[in-house]
Amino acid sequence: MAKDTQHRTMDYLVPETLSQIESMELRARHIVEGYMTGMHRSPYFGFSVEFAQHRPYTAGDDLRHLDWKVFGRTDKLYLKQYQQETNLDMLLLVDASGSMNYGTKLNNGRTWRKYDHATSLAAALSYVALQQQDRAGLIVFADRMLDVVRPSNSRGQWRSIVNALKTKPVDEQTDMGRMFDEVLAKLHHRSLIVVLSDFFDEADSIGAGLARLYHRKHDVMLMQIMDHAEMTFPFGSPTRFEGLELEGKLDLDPKALREAYLEEVHAHIRAIQTESHRFQYDHEIVDTSKSIGAPLSHFLARRNARLKRSG
Amino acid sequence: MIQPLMLAISFISPGLAWLGLGAISVPIIIHLLSKRPRKPQPWAAMRFLLAAFKKHKTRTRIEQLLLLACRCLILLLLGLALAGPMLDKMFGLGIIGASSRTVILVVDNSVTSATKTDTGEPRFDAIRKAAVKMVETLEPTDRLAIITAAEPVTAVIAKPSLNPDSFKGKIQNITPSASKANISKALTLALDSIKQVESENRPTYVALLSDFSNGSTPVGPGAASLDGELQQLGKKAVLMMLEPHRSTENVQITELTADQNVVIAKGSRDDTTGTPVVGWRLVLKRFSHDKTAGEQTGVEVKLRDDVVFERVVKWQNGETERRLDFNTPLSETGLYPVTARITTPDALDIDNSRTMLVRAKQKLNILILGAGRSATDQSPETFVDVALAPVADKLGYPLEVKQEDADRFNQKMLEEVDVIFVLRPDRIADNWKLLHRWASGGGLVWVTPPPTDTGIAWPPRMTGAFGLEQKWTFADAPLKHPKLLKFKSDDQTAEEFRRETDLPDLLKPLRVIQHLPVNYDSADTRTILTGEDGSNLMIATDVAPHGRLYYLAVAIDKNWSNLPISPFNPALIQHVVRTAIDRLQPPQIFEPGRQPSLSARWANIKKLDGPNNESVLLEINRTTQNGSPNASDPNNDPPSSNGTTPGQIVVRPSQPLLTPGIYSGGTSALVVNVNPDAGNTLRAPDEPLKKWLGTAGEWQSITRTEPEAVIMKMSELSDYGWELLWAVLILAIIEMFLARYVSHASTTHRTQGIENMAPNTAAKSN
């Protein structure tokens, strides 16, 4: 039974299944619920936070946290407050540059892009965060900010985030350095910044941006979204490769260049890792052909660890 | 450099080489087609691809070109290897892998090899040049044997030997001979040579260098075929034959014969002047394809040094043979050499002369072995003596008769004797062998039974000595059975006798009172006289090689018949003596190149003086059990030709008689004449020649200008092919590894580093 559950859970989180859910909201909930069932129940999930105190209800607060017992006794509306409730600000940075538009055709005939994977993950992460009373925000960017949703945990925040995630990727390249600077300008509190990108940018530039974020005491999680093909370069016959970010075209025999290409990719990833580890930031490779469960677990672990530190 | 290199390389199957060359276009085309992009692929990680491409652009190109070159080279070399490449030695590459060879040269230096070609040079010059050229082709590690095909067939170098170049001198020393060729024997010797080094497993070549005329390779109807054992030759060696010379015209003397070989003074047919005269027949033969009229041939005949006959023959259209008759007087006794010679120059000189011998004798010497001093006026000895020389003045009579006691018969008595009458065979005892030996050299023996009954122990002794034990069977005792004597009607001698006797009507019937019967079972024996009942009364047999034995079953005695007192008696005796002598002492004629077995008459002669002051020693042997004087010498005449019996003395020259002409010793002489057939200078017809040589195997033709071409071609045939195939194999292995390396085939370890960075599956995350 447990194995069947596990299997079904894995089915929920794989791109083949997720790609069939058009609605981002449903997709996110699907991810979270799929994750919550079976083996994905984790003590670090964060739902079992401790009650701290009441505070009077003000217009706009989430009614889910109303303490009805108090209302029954006093006819006054009070909200439960938890220990972490006011400690975590999360900002999701979703890369919508041209390179994120790359995807692989799945068995079901649908194409699952890196951007789809990133936005699904972002939606799930923000859903979980908002469920935890965290304030979640979103910035969709490429060479500039394409869409911004300020961090909040209001009722409409989730919808706002989902709508923002519908932004389509552009052809321009990523400019991570500039993006981090712009993010810094917008953040007033120390936050957990989750960057969902393929990080196809100069490692030095990324490192410089991370350094600035570190200086401002922000926590960063780098989720490097990569297509399986980008990681394995499985092409055999001579092919004309066309860049998605206006890099031009290249005719070559993939077999002849495969090893060299993979070395370049590997070197770049190592550089990113080095930069992130310098600031003790997490860096994770997210394979778009694999289940979303793992990065989700990682995020939750990271979030709980941060909460413990700050608490 | 390219042109000499191209000349240095040739191929057995050039088509395959071209195919290999064309095949290299296949990988080139595939390479070009592979570069054509198939479909566009949108790619996000372009920056990395561009970076990798820039870094490895040159290396990748070199790798791919290297792989392409490797594949092209494999196909090219495969084509070349299968095409059978042959490289010229002058580039030094011929030494690599050139295997050691065995070459047997069979050089035909027989009569027609001396035929002059259009340039005036003898055919043998071209043959010798071809032999030298082939030897110069060989390496020091090659083996060479040389065999000459003219009789006596000789292995100049029998066992194939190394350093062939050192034997060029031996080839230069070979000259045309006067002998006919024995190609079969020469090839047999070649086969023996091959067997001596067979274990070395070398490529072996046999080159038959001949002019292939009808004279050297008789392939016409009835010609002897090659020895069947030679079928092995083609399996053991590559057979090569020099291209035949074209036909050349030639006139030769094929016959020079006398109507009598022994002439007795006052006994010849034409005796008007009192000088003996011998009639001659000379035959000229013309070998020509043209056979046109008008050509002339001059001929002269010399008797000793005097020209006795001259004639210019004008050939008629289509005429190939002309017979000339002439007479020569013999003014004195002795041995007369007669030489006929063509005076008109032609292509072949060696067969333009022919020699014969004729002996003029003053008297015939008759020996009667009988009772000796015991003879009486009525004894057989007296009757025979009188019958032989029925004249009072015997001084000038051509028959010299001597009587001796048969008891004391010895070798000394045989000197200069031509006929022996054995009238007392019972007293010969153990000397029958002496008689046989003497007779075999050209003597006539006439045997009659003894007149008195002394037992008949003598017939077995006689038949034993003459080898007639199984052939002649005598009765145990004389048979008293009166009968008339008759000639056999089909006997040539009888016919001649009838023509020669005077007044046949005067002959009274010959009555036989008793006789010692004899029967025979022999093809060599003939009956000359019979009784009226058919019984044999006189028989005769040859005593090989030159003698004759007569047996008259009736003793020359009145108690046996009326023959002694009949006029028939002297007529019969004299006639038999005269005609038999001519037949019994023919000149001994041999072909060049042989070591003939001579009769015991030569036993006292130490050497022969030949033409050109040549001197040849004579050696004496006793025959072995099989009758052969020396079984191991192939030049000996076989036993059947000399009629030798075990223990008999045989005299032979110590070396072959090579030069045509007269070889004399003491008072005897023999003649060496070129075999006329061996002088046929016309080219042997192709098909019969091919069939004749085909017994030994398949023959390849070699040219006179490049005789070494076949050896060069065959010996370098497969060497480089195999080496190229090895090179192809090595290249294929290199290509396999190179392809795998260049293809950058996807393997797990190349992508593990990146894939491991991705989050694990649910199992791990949970």
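How do the residues of the lining of the largest pocket divide into nonpolar, polar and charged?

Mentor: The model is a predicted one, and every value below is computed from it. The lining of the largest pocket divides into 18 nonpolar, 14 polar and 9 charged residues. In total, 41 residues line this pocket, and the space within it comes to about 1,100 Å³. Nearest its centre lie Arg359(B), Glu416(B), Arg601(B), Thr667(B) and Ser668(B). As to the elements involved, at least two lining residues each come from β15 (334-342), β16 (353-361), α10 (432-440) and β33 (668-672) of chain B. Of the elements of the lining, β16(B) supplies the largest share, with 5 residues.

The chain that carries these elements may be considered next. Chain B has 766 residues, of which 50% count as buried. Its secondary structure comprises 19 helices and 34 strands. Among its contacts with a separation of 6 or more, 77% are between residues 24 or more positions apart.

Two further places in chain B illustrate burial. In strand β9 (residues 250-258) of chain B, 7 of the 9 residues are buried, so the strand is largely enclosed by the rest of the structure. β9(B) runs antiparallel to strand β11 (residues 277-287) of chain B, and 8 bridges join the two. Within this pairing, Val251(B) stands opposite Arg286(B) of β11(B). Ser184(B) counts as buried because its relative accessibility is 16%, and the cut-off for burial is under 20%. Beyond its neighbours within four places in sequence, Ser184(B) has contacts with Leu226(B), Asp227(B) and Leu230(B).

In soluble globular proteins, nonpolar side chains tend to be buried together. Here the largest nonpolar core contains 46 residues, and those with the most contacts inside it are Leu125(A), Leu138(A), Val194(A), Leu196(A), Met223(A) and Phe299(A). Two or more residues of this core come from each of α3 (24-36), β3 (89-95), α5 (114-131), β6 (135-141), α6 (157-164), β8 (192-197), β9 (219-226) and α11 (293-310) of chain A. The element that gives the most is α5(A), with 11 residues. Apart from this core lies another, of 32 residues, including Ile366(B), Val419(B), Phe421(B) and Leu529(B).

To return to chain A, Leu125(A) shows how parts of the chain meet. With neighbours within four places in sequence left aside, Leu125(A) is in contact with Met90(A), Leu92(A), Val194(A), Met223(A), Leu296(A) and Phe299(A).

β6(A) is mostly covered, with 6 of its 7 residues buried. β6(A) pairs with β3(A) in the parallel sense over 7 bridges, and in this pairing Asp95(A) stands opposite Phe141(A) of β6(A). β6(A) also pairs with strand β7 (residues 145-152) of chain A, in the antiparallel sense and over 5 bridges. Here Ala136(A) stands opposite Ser152(A) of β7(A), and a hairpin of 3 residues joins β6(A) to β7(A).

Note on methods. Residues are numbered from 1 along each chain as its sequence is written. Chains are lettered from A and ligands numbered from 1 in the order in which they are written. This is a predicted model: local features need pLDDT of at least 70, side-chain atom pairs count only at pLDDT 80 or more; totals for chains, interfaces and linings use all residues. Side-chain values use heavy atoms; hydrogens and water are left out. A nonpolar core is a set of buried Ala, Val, Leu, Ile, Met, Phe, Trp, Tyr and Cys residues joined through side-chain atoms within 4.5 Å. Buried means under 20% relative accessible area, exposed over 50%, partly exposed in between (1.4 Å probe, protein chains only). Helices (H or I, at least four residues) and strands (E, at least two) are DSSP runs, numbered from the N terminus. Contact means heavy atoms within 4.5 Å. On a 1 Å grid over the protein atoms alone, a cavity is a set of points where a 1.4 Å probe fits but cannot get out, and a pocket is an open set with protein on both sides within 12 Å along at least five of seven lines; lining residues have an atom within 4 Å of a point. Grid points are joined across faces, edges and corners, and a volume is the space filled by probe spheres set on the points. Ala, Val, Leu, Ile, Met, Phe, Trp, Tyr, Cys and Pro count as nonpolar, Asp, Glu, Lys and Arg as charged, and the others, Gly among them, as polar. Two strands pair if DSSP finds at least two bridges between them.
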